[in-house]
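This report looks at how two protein chains meet in one model. The sequence and structure are shown first.

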Amino acid sequence: MAVTSGEVKLSETLHFELSVPFPSNRLAQIAHGSLAPDAEPRKGGISKELRVTDNSLNVFWCAEEARILRVSVGSFLDHLALVLETMQAFGPSETQQN
Amino acid sequence: MTIVIGFEGSANKIGVGIVRDGAVLSNPRRTYITPPGQGFLPSETAKHHCACVLSILKEALLQAGIQPADIDCVAFTKGPGMGAPLVAVAIVARTVAQLWKKPLLGVNHCIGHIEMGRLITGAANPTVLYVSGGNTQVISYSERRYRIFGEAIDIAIGNCLDRFARVIKISNDPSPGYNIEQMAKKGSQFVELPYTVKGMDVSFSGILSYTEEMAHKMLGAGECTPEDLCFSLQETLFSMLVEVTERAMAHCGSREVLIVGGVGCKYLC
């Protein structure tokens, strides 16, 4: 990567995008409310952004190393699973399993 | 009538409690117990909590005989504690608070312990001895804040006891501290251990290393029994706590002591 004067370019940044559909906008907002507050445990090398668009929760990751990215995505999916289970157990009827 | 549901999972115990105006309606809980010789790590502890938190929540509502609509507020332990289990429980608390449209309240774990103690005992303004696996502090209330008068400068007393239990492979079921206490009752010989009070503070890591070393040496040579070591360790540690607590009471002119935290449930005569 060429280094131009006055700025430093990062080595290849890795990106990961996740789009999670929900039965309604409200549930997507709730998931956002539950998952957005926690900062990444690792101080540097990874950042993520959560956004709600209509019924979908979208998550965007930027990381410098593959293993850091993998750990963060894996951890997020575990937490997402917990949110979904909670919604199924205690949410409005559209999330109930028969 | 205010009904609050609280979620706590900052260490290896996960519990959900429902309280109405100071009366406990339900409080189901589970402990993540590891095999003898092993402590509990954050990620496994978090997995344990994730696996049972929802069924505990259902139990809590059932035992209290209330519906989510009856709840006024959702509270949860925000910290201090272990990161991974705290996050897992916080996520559930945030989700149900939003689903049920109730306000969410983050609670400081240490203050939670103290306020529970004051509620249950009715103590007005005691000197507080807060002793657990993660905390050892002598606390007093002054000008709208709880203030730490003295504390462990390295590891908490519960941590010292738990790690000693691991060295001599005492069972963690129901808790290592409980089993140490039972064994201590059968001890007959007092083994001299370091006594480290530093002014208002206490230090346990040196006692731990020394006791671990003595365990290997003396048990190997048959000079004492594990029960003797349990007895000696408890005597030493608890005497240190009594000293710093008495000092704080003298400083504050207080006549009441409130002992809170898991280690507090030991029978200290």
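## Interface of chains A and B

In this predicted model, a salt bridge joins A:Asp38 to B:Arg94, with 2.9 Å between the closest N and O atoms. For the interface of chain A and chain B, the rule finds 1 salt bridge. Polar contacts across the same interface come to 7 residue pairs, both residues of each being at pLDDT 80 or more.

On the side of chain A that touches chain B, helix H1 (25–35) and helix H2 (66–90) each supply at least two residues. H2(A) gives the most to that side, with 8 residues.

| Class | Residues on the side of chain A that touches chain B |
|---|---|
| Nonpolar | 10 residues |
| Polar | 6 residues |

In terms of contacts, 19 residues of chain A meet 17 residues of chain B. The size of an interface is often given as the accessible area lost when the parts come together. Here chain A and chain B bury about 1,500 Å² between them, and 69% of this area lies on carbon and sulfur atoms. Within chain A, the residues that lose the most area to chain B are A:Leu82, A:Thr86 and A:Phe90, which together account for 41% of what that side buries.

## Annotated region of chain B

An unreviewed UniProt entry lists residues 29–265 of chain B as "domain: Gcp-like". Over residues 29–265, chain B is 49% helix and 18% strand. The end C-alpha atoms of this stretch are 17 Å apart.

Conventions
Residues numbered from 1 in each chain as written. Chains lettered and ligands numbered in written order. Predicted model: local features only at pLDDT ≥ 70, side-chain atom pairs only at ≥ 80, totals over all residues. Heavy atoms only, no water. Contact = heavy atoms within 4.5 Å. Buried area = accessible area lost by both parts, 1.4 Å probe. Salt bridge = Lys/Arg side-chain N within 4 Å of Asp/Glu carboxyl O. Polar contact = N/O pair within 3.5 Å; in protein donor to acceptor, adjacent residues only side chain to side chain. Helix = DSSP H or I, 4+ residues; strand = E, 2+ residues; numbered from the N terminus. Nonpolar A, V, L, I, M, F, W, Y, C, P; charged D, E, K, R; others polar. UniProt positions renumbered as here; feature names shortened; annotations may be inferred.
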